[in-house]
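Open the model in your viewer and get ready to select residues. We will take the stops one by one.

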Amino acid sequence: MSYRVWGWGDPADEPTRAGLLELAPLVTASTGVPAQEPQTPGVVPDFPPSRHLAALPPSLRHLASDDPEDRARHGVGRSYRDLVRAMAGRLDSPPDLVLRPSDEQGVADVLSWAAEHGVPVIPFGGGSSVVGGVEPRDLPAAVSLDLSRLTGLVEVDEISRAVRLRAGTVGPAAEAAMKPHGLTLRFYPQSFERSTVGGWLATRAAGHFSTRLTHVDDLVESVRAVTPAGVWESRRLPGSGAGPSPDRLLLGSEGTLGVITEAWLRAQPRPAHRWSATLAAPDMATGGRAVRALVQAGLLPATCRLLDSREAALTGTLSSGEAALVLGFESLAAPVDAEAGLALQLCQDAGLRVLESGERGEAGEAWRSSFVRAPYLRESLLLLGVLVETFETAITWDRFDSLVASVTAATTQALHRVCGAGTVTCRLTHVYADGCAPYFTVLAPARRGSELAQWDEVKAAASDALVAAGATITHHHAVGRDHRHWYDQQRPDPFALALTGAKAAVDPAGILNPGVLLG
Ligand SMILES: Cc1cc2nc3c(=O)[nH]c(=O)nc-3n(C[C@H](O)[C@H](O)[C@H](O)COP(=O)(O)OP(=O)(O)OC[C@H]3O[C@@H](n4cnc5c(N)ncnc54)[C@H](O)[C@@H]3O)c2cc1C
C-alpha cells in the first residue's frame with residue numbers, strides 16, 4: 001500500500017528496508033520490545049466500483065474521484081488500527097467516492113444530493129483522526145467530503161487581533177499566511193503539519209501549550225458551517241451570555257451536525273521573551289504535587305510537561321531513572337524572571353532538582369525534538385512489529401495519583417495477557433488549577449496478523465479503567481467511532497437526548513458522519 005495512504009510525511013520520508021534494519025537494534029534497546037523482520041506494506045486492494053459515480057448530477061461530477069488510492073487514503077485516519085490496516089492493505093470499507101468542493105455552494109450541493117439519496121457523508125480535513133472519525137466503518141456506500149480545496153486566510157482584523165480562516169487550511173499554511181501580519185495562532189497540536197482548522201474545531205483539538213489556551217475552543221470567536229438545514233454561523237464576539245452558545249455546540253461535533261467551512265480565530269503576536277528549564281523529580285506523584293503547586297499559585301507556564309521515568313528515558317530527556325519536568329514561560333512584553341524564579345522555588349520546595357534553566361528557552365530540547373519526530377518514528381516502529389499507541393484523559397488533582405496507578409496497572413495487565421509483555425508510560429500534557437491531562441503511551445510486541453484484536457482488547461481494558469476512575473474517555477483526541485462505547489457511559493442521558501434532537505433538526509436524513517457521537 002503506497003506511503004501516501006498510511007504515511008505521515010512526503011513520499012521521500014517513507015522508511016526503507018535498509019533504514020529499518022539499521023533502526024531495529026536501537027528500537028529493541030530503547031523500547032525493550034524485540035524488533036521483528038521489517039514488514040513490506042501491502043497493496044491497495046481491489047475495491048468494488050463506486051455505486052454513486054454514474055448517478056451523480058453533472059454539477060457534482062467534476063468534484064468526484066473514484067481513484068482507488070484516493071478512496072484508500074480517505075478510508076483511514078492515523079490511529080494504530082488505521083496504520084496496521086493500511087500497511088497490510090486491509091481496508092474493509094473505503095468511501096465510495098471522494099468529493100472535493102471548492103466553495104460553500106459545492107458543500108451545500110453535496111449535502112442536498114446526499115440527503116435526497118440517503119448517502120452518508122464523512123467530512124475529511126487532514127485525516128489525522130486517531131479515533132476512527134473519518135473511517136466509513138459499516139457504511140459501505142458513504143462518501144468522503146474532502147475540505148482540501150477550501151483553504152486560506154480570508155480576512156485579518158488587526159484591531160481585534162483575529163483572523164478568518166477557511167476550514168481546509170493546514171497548520172503550516174495558516175501560520176505562513178498570518179506571518180506577514182505579525183500574527184500567529186500559537187496553536188500547535190502534534191499533528192500540526194497535517195491537521196486542518198476545520199478538523200481542530202470539529203474535534204476540539206488541543207495544542208501543545210500546557211496552560212491558558214489549551215483547547216482550540218479558547219481561540220474561537222465564531223464558526224460557520226453548512227448543514228442540510230442551512231448555514232449555521234455564530235456571531236463574532238469576544239464573549240456572549242446569550243443562551244447556550246451556537247459556536248460551542250459546533251465545537252466537538254465531529255462532522256455530525258454540519259460541515260465547518262470557516263472560523264474567526266483569535267491571534268496574537270509572537271512572544272518576545274522565553275525561558276525554560278528541565279527538572280528531575282523522584283517520581284511522578286512528587287512531580288504532580290510540584291505541578292499542582294505551580295498552577296495553584298497562579299503560574300501559567302506555556303510548557304509544563306511532566307514525564308514519568310520511562311517516558312523521560314525513551315524521549316532522551318532524562319536517563320537517571322527519575323521523572324522529568326520540562327517547564328517553559330513566555331511573554332509578549334516583559335521578561336519572565338519573576339514567574340520563572342517562583343516556579344523553580346516551588347518545585348524545589350516540592351522536592352525537585354533543577355537540571356538546567358535559561359532564558360533562551362533551549363532546555364527540554366530533547367523532549368521537544370522527540371515530540372516533533374514521533375509521528376515519523378511511529379511508522380518505523382509499526383513496520384518492525386512494535387505495538388505502539390497512545391490514549392489520554394483528564395482528571396481532577398484529588399484523583400490524579402490513583403488514576404495513574406489504576407490505569408497503568410489495568411493496561412499493563414492487559415498487555416501481558418494479550419501480548420506477553422509490554423510497557424505503559426505516562427506524561428502530563430495539559431495542566432489546570434484543578435487537575436491535569438495524563439497521556440499514556442503503550443509499547444508491546446505485536447503478533448503479526450492479530451494486531452487489531454490485540455489492540456482492541458488492550459484499549460478496552462484501558463478505557464474501562466479510565467471510566468471506572470471517573471476520568472474522561474478523551475481530553476482532546478475526540479470520540480469518533482472508537483470511543484463511542486465509553487462516551488455513551490460518560491455523558492448525561494438528557495444531554496444525549498438533546499444532542500440527538502439537535503442532530504435530527506439540522507440533519508433530518510441522518511447523513512452526517514453516522515456512528516460518530518450518535519446514531
Ligand atoms: C501523530 C498525531 C498527533 C496528534 N496530536 C494531537 C494533538 O496534539 N492534539 C490534538 O488535539 N489532537 C492530536 N491528534 C489528533 C488529530 O490530529 C486531531 O483530532 C485533529 O484535530 C484532526 O484534524 P484533521 O484536520 O486531521 O481532521 P480529520 O482527521 O480529517 O477529521 C477529524 C474529525 O473531524 C471531522 N471533520 C474534519 N473536518 C471537518 C469540517 N471541516 N467540518 C466538520 N467536521 C469535520 C471528521 O469527520 C472527523 O470526524 C494527533 C493525531 C496524530 C496522528
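Start at the ligand and select Glu254. A polar backbone atom of Glu254 is 3.4 Å from an oxygen atom of the ligand. Keep in mind that this is a predicted model.

Now select Thr203. Here a side chain does the reaching: one of its polar atoms lies 2.9 Å from a ligand oxygen atom. Next, pick Ile260. A backbone N or O atom of Ile260 sits 2.8 Å from a nitrogen atom of the ligand. Is the ligand buried or exposed? Taken alone, the ligand exposes 960 Å², and the protein buries 97% of that.

The ligand is surrounded by 35 residues. Pro123, Gly125, Ser128, Ser191 and Thr196 are the closest. Colour the shell by residue type: 15 residues are nonpolar, 18 are polar and 2 are charged.

Helix α8 supplies the largest share, 5 residues.

Leave the ligand for the last stop. Select helix α2 (residues 17-31) and helix α13 (residues 365-383). These two helices pack at an angle of about 90°, and their axes are 10 Å apart. Because of that angle, α2 counts as roughly perpendicular to α13.

Show the side chains at this contact. From α2 come Leu20, Leu23 and Val27. From α13 come Leu377, Ser380, Leu381 and Leu383. What kinds of residues make the contact of α2 with α13? There are 6 nonpolar residues and 1 polar residue, with no charged ones.

Methods: Residues are numbered from 1 along each chain as its sequence is written. This is a predicted model: local features need pLDDT of at least 70, side-chain atom pairs count only at pLDDT 80 or more; totals for chains, interfaces and linings use all residues. Side-chain values use heavy atoms; hydrogens and water are left out. Axes are lines fitted to C-alpha atoms, for helices over the stretch in contact, and angles run from 0 to 180 degrees between N-to-C directions. Helices (H or I, at least four residues) and strands (E, at least two) are DSSP runs, numbered from the N terminus. Angles under 35 degrees count as roughly parallel, over 145 as roughly antiparallel, 65 to 115 as roughly perpendicular and the rest as oblique. Contact means heavy atoms within 4.5 Å. Ala, Val, Leu, Ile, Met, Phe, Trp, Tyr, Cys and Pro count as nonpolar, Asp, Glu, Lys and Arg as charged, and the others, Gly among them, as polar. A residue is near a molecule or strand if one of its heavy atoms lies within 4 Å of it. A polar contact is a pair of N or O atoms within 3.5 Å; within protein, one must be able to donate a hydrogen and the other to accept it, and residues adjacent in sequence count only if both atoms are side-chain atoms. Accessible areas come from the Shrake-Rupley method with a 1.4 Å probe; for residues, only the protein chains shown count as cover.
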